[in-house]
Amino acid sequence: MSELSVKHLLGIKYLKEKDIQLIFETADHFKEVINRSIKKVPSLRDITIANIFFENSTRTKLSFELAEKRLSADVINFSAGQSSVKKGETLIDTVNNILSMKVDMVVMRHPNPGAGIFLSKHVNASIVNAGDGAHEHPTQALLDSYSIRERLGDVAGKKVVIVGDILHSRVALSNIFALKLQGAKVKVCGPKTLMPKHIESLGVEVETNLRKALDWCDVANMLRIQNERLDISYFPTTREYTQQFGVNKALLDSLDKEVVIMHPGPINRGVEITSDVADSKQSIILGQVENGVAIRMAVIYLLASKIK
Amino acid sequence: MSQKVLLSSKEINIILHRLACQLLENHLDFSETVLIGIQPRGTFVADRLTRILQEEYGVKHIDVGFLDITFYRDDFRRGDKTLEATQTKIDFLVEDKKVVLIDDVLYTGRSIRAALTAIQSFGRPSEIELLTLIDRRFSRHLPIQPNYRGRQVDAINEEKVKVMWEENDGEDVIYLINK
């Protein structure tokens, strides 16, 4: 097994377990590369990649761009805010115009679920989904699992709880797919209003008591409360949410074990996680960010090697 | 497919000792020199040479590393298969050091070209030398020649030189394989 089974990275749902292992093994090598004094390799010098972001992003966009540059790809960036999309151009037209500039790969974030899948059927380029609405965010899930593997040695058999807004979270869905594929046990925890119906059908358990969830788990992945997606009130106040579903030092200290704390960022300090926890040794949040570059280098390298 | 033995275990051992002596002659105590085995199979040669230098010639300390050249190769996307990387392990600085690149077989020279680029990521060596166990002369694509060579071989392109090591393949032997 030395190549991915897919041509695009549209979601974890389309990957096989061995794809994930190949991405991790490749990321191990890139992690070594990005800790050298010269952090760049020339592999992708004849590849051009367009980063097309129809939705705001800081770290994902930076992380992808850095990964592409460290692989020596040529990079063009496009943000919908400053573009002809505002003049009424369709997605396919936008992308085809960019592709006529001889672009080999498109990294896209889009507010509509399935935008990447739609695009992959209509344009001739390798597509990497950098988040499509509330659907999937595959590279985030890969870097989360990779960080768990790095900290705990393995993902299989580990108990992971995903806490927060499961309903609107593409990070949650991709993480559930990735963790289950690797044989981890997964619980989701949050207010019932932010829990999708039939979430159990994905093979996860629902827990509405954070304390019980933390007692059970090895890893807690704290999701951000996405105020921009909360069109109606899902919980009475942010303060009440924090009291029930936020982690703080006192809560973690009262457990009889050390739970690994993760967060996909950006953090709402004092809401889902307090500052002392976010900056503690238990937290691997900044490690996740570093691993994000290595994982994205691996994904881009492996997909690019299939472009003929 | 036919194969014949190019070098036996005994011959390999004699050649390794000669190469070790040549290295010793030029680098003395190895305080300013580092050995870099090129992955995947140059590492065996580097390990053997290090062992001989330390155990039989009393060199106290040698910095030895492994260099993976996958991401520096010039045939990315040109074959059917994804190029799979292996581990790089260089725990020391190569800045201002004499670097000896070590590989088992020198053929087209393209791997060495990649290694020359790759090693720059770890600093600027004062000089770089090349040691290969087998030198397949007349088949070079690039102007690259070894400073230390074990044995020169005239093999045609259809032939393959396969170097086997006891610790990996069960015995020390070098075959010339006619495909």
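Reply: In chain A, helix α5 (residues 138–152) packs against α11(A) at an angle of about 120°, and the two axes are 8 Å apart. The model is a predicted one, in which local features need pLDDT of at least 70 and side-chain atom pairs count only at pLDDT 80 or more, while totals for chains, interfaces and linings use all residues. Residues are numbered from 1 along each chain as its sequence is written, and chains are lettered from A and ligands numbered from 1 in the order in which they are written.

Axes here are lines fitted to C-alpha atoms, for helices over the stretch in contact, with angles running from 0 to 180 degrees between N-to-C directions. Helices (H or I, at least four residues) and strands (E, at least two) are DSSP runs, numbered from the N terminus. The crossing of α5(A) with α11(A) is right-handed; a crossing is right-handed if the near helix is turned clockwise from the far one by less than a right angle, and left-handed if anticlockwise.

On the α5(A) side, the residues that meet α11(A) are A:T139, A:L142, A:L143, A:D144, A:Y146, A:S147 and A:E150. Their partners in α11(A) are A:G287, A:Q288, A:N291, A:G292, A:I295, A:R296 and A:V299. Two residues are in contact if their C-beta atoms, placed from the backbone, lie within 7 Å. This contact holds 5 nonpolar, 6 polar and 3 charged residues. In this division Ala, Val, Leu, Ile, Met, Phe, Trp, Tyr, Cys and Pro are nonpolar, Asp, Glu, Lys and Arg are charged, and the others, Gly among them, are polar.

Helix α5(A) also packs with α1(A): their axes come within 11 Å and cross at roughly 70°. The two helices are therefore roughly perpendicular, a term for angles of 65 to 115 degrees, where under 35 is roughly parallel, over 145 roughly antiparallel and the rest oblique. This crossing, too, is right-handed. From α1(A) come A:I20, A:I23, A:F24 and A:A27, and from α5(A) come A:L142, A:Y146 and A:R149. By class, these are 6 nonpolar, no polar and 1 charged.

Domain 1 comprises 12–136 + 289–304, and domain 2 comprises 138–285, with bounds that come from an automatic or database domain assignment. The C-alpha centres of the two domains lie 25 Å apart. Their contact takes 21 residues from domain 1 and 19 residues from domain 2 of chain A. On the domain 1 side, the elements giving two or more residues are α1 (17–33), β4 (126–132) and α11 (285–304) of chain A. That side divides into 9 nonpolar, 6 polar and 6 charged residues.

As a whole, chain A has 11 helices and 9 strands. Its radius of gyration (taken over C-alpha atoms) is 19 Å, close to the 19 Å that the globule rule gives for 308 residues, so chain A is as compact as a globular protein of that length; the rule is 2.2 Å times the number of residues to the power 0.38. Along its principal axes, the C-alpha trace of chain A spans about 55 × 45 × 35 Å.

Chain A also touches chain B, in a contact that takes 17 residues from chain A and 16 residues from chain B. The chain B side has 6 nonpolar, 6 polar and 4 charged residues.
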